[in-house]
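Welcome! Take a moment to look over the sequence and the fold, then try each exercise before reading its solution.

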Amino acid sequence: MAGLSTKMELAVVNALFGGSNLTALTDIYIGLCTSNPGDNAATAVAAELSGGNYARQGTTPSDWTTSENNPAKAELNAVQSFDMTGVTGATITHATLWKTSSATGDLDYIGSAAATVSVSFSIGDTVKIEAGNFDFEVG
């Protein structure tokens with residue numbers, strides 16, 4: 001399932017009804033996955049690429065445009081490049097959003113989105129997400 005992780009859904013409910021506050025993020029990191037990352041960090045980490053020069057790529061809130069349509073969404077409006085040097089070739093099916101570049105806990109996992117088109121790569125390729133080609137939907 002794509003969308004907010006279970007912990008993020010709970011954080012929103014707590015902010016609305018429990019009196020806790022949500023803090024705006026200053027950085028949002030994108031990870032690439034070879035299978036459905038699911039709703040929790042353990043399955044997201046298991047699905048995420050690893051090895052070689054691969055690393056989550058950082059964005060800031062200004063790199064995203066939000067929409068009030070139904071479903072509500074945020075669209076990435078900046079190009080993100082992933083260096084696949086030393087990463088075994090595979091097919092990317094999903095992307096994940098994280099609060100940090102390397103954390104693996106449920107409180108750091110924001111959620112996921114399925115790729116509109118799966119992307120295959122070979123060792124040494126650079127995988128790019130072009131501006132306007134990644135939407136994170138909620139709802």
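The exercises below concern a predicted model, and each has a worked solution.

**Exercise 1. Find the order of the strands in the open sheet of three strands, and name its edge strands.**

Solution. Begin with the order, which is β4-β5-β10, with antiparallel pairing. Next, look for strands that pair on one side only: these are β4 (64-67) and β10 (135-138). Then compare directions: neighbouring strands of this sheet are turned by 15 degrees against each other on average, direction ignored. Finally, zoom in on one pairing. Strand β5 (residues 72-76) and β10 are joined in the antiparallel sense over four bridges, and Ala72 stands opposite Val138 in β10.

**Exercise 2. Find the salt bridges and decide whether their residues are buried or partly exposed.**

Solution. A search of the whole structure gives two salt bridges. One joins the side chains of Asp135 and Lys73, at 3.3 Å from N to O. This pair links distant parts of the chain, since Asp135 lies in strand β10 and Lys73 in strand β5, 62 residues apart. Now check accessibility: buried means under 20% relative accessible area and exposed over 50%. Asp135 has 26%, so Asp135 is partly exposed. Lys73 also has 26%, so Lys73 counts as partly exposed. Turn to Glu48 and Arg56, whose side chains meet in a salt bridge at 3.0 Å, N to O. Both Glu48 and Arg56 are buried.

**Exercise 3. Explore the largest nonpolar core and name the residues that touch the most other members.**

Solution. This core has 23 residues, and the ones to name are Ile30, Leu32, Met84 and Phe134. To see where the core comes from, look at the strands: β2 (28-33), β5, β7 (90-98), β8 (109-121) and β9 (126-129) each supply at least two of its residues. Now follow Phe134. Beyond its neighbours within four places in sequence, Phe134 is in contact with residues including Ile30, Trp64, Ala74, Leu97 and Ile129. A second, separate core has five residues, among them Tyr29, Ala44, Trp98 and Tyr109.

**Exercise 4. Describe the surroundings of Asn77.**

Solution. With a relative accessible area of 34%, Asn77 is partly exposed. Next, list contacts, leaving aside neighbours within four places in sequence: Asn77 is in contact with Ser62, Asp63, Trp64, Thr65, Ala131 and Gly132. With Thr65, there is a polar contact between the two side chains (2.6 Å). Lastly, compare sequence with space: Asn77 and Glu130 are 53 residues apart in sequence, and 7.9 Å apart from C-alpha to C-alpha.

Technical notes. Residues numbered from 1 in each chain as written. Predicted model: local features only at pLDDT ≥ 70, side-chain atom pairs only at ≥ 80, totals over all residues. Heavy atoms only, no water. Pairing = 2+ DSSP bridges. Axes fitted to C-alpha atoms, helices over the stretch in contact; angles between N-to-C directions. Core = buried A, V, L, I, M, F, W, Y, C linked by side-chain atoms within 4.5 Å. Buried < 20%, exposed > 50% of the residue type's maximum accessible area, 1.4 Å probe, protein only. Contact = heavy atoms within 4.5 Å. Polar contact = N/O pair within 3.5 Å; in protein donor to acceptor, adjacent residues only side chain to side chain. Salt bridge = Lys/Arg side-chain N within 4 Å of Asp/Glu carboxyl O.
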